[in-house]
Amino acid sequence: MTKANIVETVCQKMGLPKKASTAIVDSVLETVRKTLEEGKPVKISGFGNFVTRKKKTRQGRNPQTGQAAAISGRTVVTFKPSQILRARVNKG
């Protein structure tokens with residue numbers, strides 16, 4: 001599913017014009033993005049949690065040459081589905 005699909009679904013279900021639906025979807029995604037940039041978790045009841053996690057610098061290997069290489073530390077976003085979502089996905 002793409003952002004355009006989400007906009008179209010909101011448009012159909014809410015009976016709103018496409019421009020308004022796009023503004024709603026953009027607003028929700030921007031709020032989620034800004035919250036994660038601040039390092040705060042995003043919890044959506046019945047859906048799941050988006051959280052940021054810091055990864056430390058570590059040693060890795062180049063798979064082609066086998067040489068050791070440093071992998072820099074970074075922040076990653078992880079998603080953990082709620083039990084409700086997990087049950088619904090596994091039901092089918």
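Where does Ser21 lie? Select Ser21 and you will land in helix 2 (residues 18–37); helices here are DSSP runs of H or I with at least four residues, strands are DSSP runs of E with at least two, and both are numbered from the N terminus. Before moving on, note that this is a predicted model, where local features need pLDDT of at least 70 and side-chain atom pairs count only at pLDDT 80 or more, while totals for chains, interfaces and linings use all residues. Residues are numbered from 1 along each chain as its sequence is written, and side-chain values use heavy atoms, with hydrogens and water left out.

**Stop 1: around Ser21**

Ser21 counts as buried because its relative accessibility is 0%. Buried means under 20% relative accessible area, exposed means over 50%, and partly exposed is in between (1.4 Å probe, protein chains only). Now show the contacts of Ser21, meaning heavy atoms within 4.5 Å. Not counting residues up to four places away in sequence, Ser21 touches Val7, Val10, Cys11 and Leu16.

**Stop 2: helix 1**

Next, select residues 3–14, which make up helix 1. The expected span of a helix is 1.5 Å times one less than its number of residues. Step just past helix 1 to find Gly15, with a positive phi of about 70°.

**Stop 3: a hairpin**

Colour strand 3 (residues 58–61) and strand 4 (residues 68–71): they run antiparallel and are joined by four bridges. Two strands pair if DSSP finds at least two bridges between them. Six residues sit between these strands in the hairpin, and Gly66 in the turn has a positive phi of about 80°.

Click on Arg58 in strand 3. Its bridge partner in strand 4 is Ile71. Is Arg58 buried or partly exposed? Arg58 counts as partly exposed, because its relative accessibility is 41%. Leaving aside neighbours within four places in sequence, Arg58 is in contact with Ala69, Ala70, Ile71 and Arg74.

**Stop 4: Ser82**

Finally, pick Ser82, in the loop between strand 5 (74–81) and helix 3 (83–91). With a relative accessible area of 16%, Ser82 is buried. Its contacts, leaving aside neighbours within four places in sequence, are Gly46, Phe47 and Gly48. Ser82 and Phe47 are 35 residues apart along the chain, yet their C-alpha atoms are separated by 5.3 Å.
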